[in-house]
Amino acid sequence: MPGMEGTLAPDFALPDQEGRVHRLSDYRGRWVVLYFYPKDDTPGCTKEACGFRDRMGDLQALGAVVLGVSADDVASHKRFAEKYGLNFPLLADPERQAILAYGAWGKKNLYGKEYEGVLRQTFLIDPEGRIAKVWRKVSPEGHAEEVAEALRQARGE
């Protein structure tokens, strides 16, 4: 799904770690950082989530909400969020509804073995619900800062 920038972001309805359902349409009028990650409580995913946690003040000051999505279930998300004090919703998508809609599923390589899974990708969605920027290959280290910077640019700051 190349060239998604400028297109309307696919809506979804997914429960967070408390079981509360979030729809993308609930966030009209705000910037949304929608990030897909492979698995709760793995090293890269923990680093990425903690980066967003620590940058939450900056991102909120820029008018943004952060939503993390993986194929893990609500109970797994709850443990992950509590363990690291995560201060944003983690959406459970075991049916891969949003994951597939955003093209964040595909072939991966681990120790020379190929398998399919959730790709680490981030989408910046503008207040009109359009995709402003896509990161298809995310490095967990420093990603939250990268997103905050892109948000500043997108807002013309």
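Reader: What makes Tyr35, Tyr37, Phe52, Phe80, Tyr84 and Phe88 a cluster?

Author: Ring pairs link these six-membered names, Tyr35, Tyr37, Phe52, Phe80, Tyr84 and Phe88, to one another. Rings of Phe, Tyr and Trp (its six-membered ring) pair if their centres lie within 6.5 Å; planes under 30 degrees apart are stacked, over 60 edge-to-face, and the rest tilted. By this rule the count comes to nine aromatic pairs. The model is predicted: local features need pLDDT of at least 70, side-chain atom pairs count only at pLDDT 80 or more, and totals for chains, interfaces and linings use all residues. Residues are numbered from 1 along each chain as its sequence is written, and side-chain values use heavy atoms, with hydrogens and water left out.

Reader: Why is the aromatic pair of Phe36 and Phe123 called edge-to-face?

Author: The ring centres of Phe36 and Phe123 are 5.8 Å apart and the planes stand at 90°. The distance is within 6.5 Å and the angle is over 60 degrees, so the pair is edge-to-face. Phe36 belongs to strand E3 and Phe123 to strand E8, 87 residues apart, and the pair thus links distant parts of the chain. Strands are DSSP runs of E with at least two residues, helices are runs of H or I with at least four, and both are numbered from the N terminus.

Reader: How do you know whether Phe36 is buried or exposed?

Author: Buried means under 20% relative accessible area, exposed over 50%, and partly exposed in between (1.4 Å probe, protein chains only). Phe36 has 0% relative accessibility and therefore counts as buried. Phe123, also at 0%, is buried. Tyr102 and Phe123 form a further edge-to-face pair, with 4.9 Å from centre to centre and 65° between the planes. Tyr102 lies in the loop between helix H4 (97–101) and strand E6 (105–110).

Reader: What makes Arg96 a charge that sits over the ring of Trp105?

Author: The rule asks that NZ of Lys or CZ of Arg be within 6 Å of the ring centre and within 35 degrees of the ring normal. The charged end of Arg96 is 3.9 Å from the centre of the Trp105 ring. Lys133 likewise lies over the face of Trp135, at 5.1 Å from the ring centre.

Reader: Why do strand E5 and strand E9 stand at the edges of the sheet?

Author: The open sheet of five strands has the order E5-E4-E3-E8-E9, with mixed pairing. Strand E5 (90–92) and strand E9 (131–135) each have a single partner strand, so one side of each is left without a neighbour in the sheet.

Reader: How do you know that E3 and E4 pair?

Author: Two strands pair if DSSP finds at least two bridges between them. E3 and E4 are joined in the parallel sense over six bridges, which meets the rule.

Reader: What makes the reach of helix H1 close to the expected one?

Author: The expected span is 1.5 Å times one less than the number of residues. H1 (residues 43–54) has twelve residues and reaches 16 Å from its first C-alpha to its last, close to the 16 Å expected. Its buried residues are Cys45, Thr46, Glu48, Ala49, Cys50 and Phe52.
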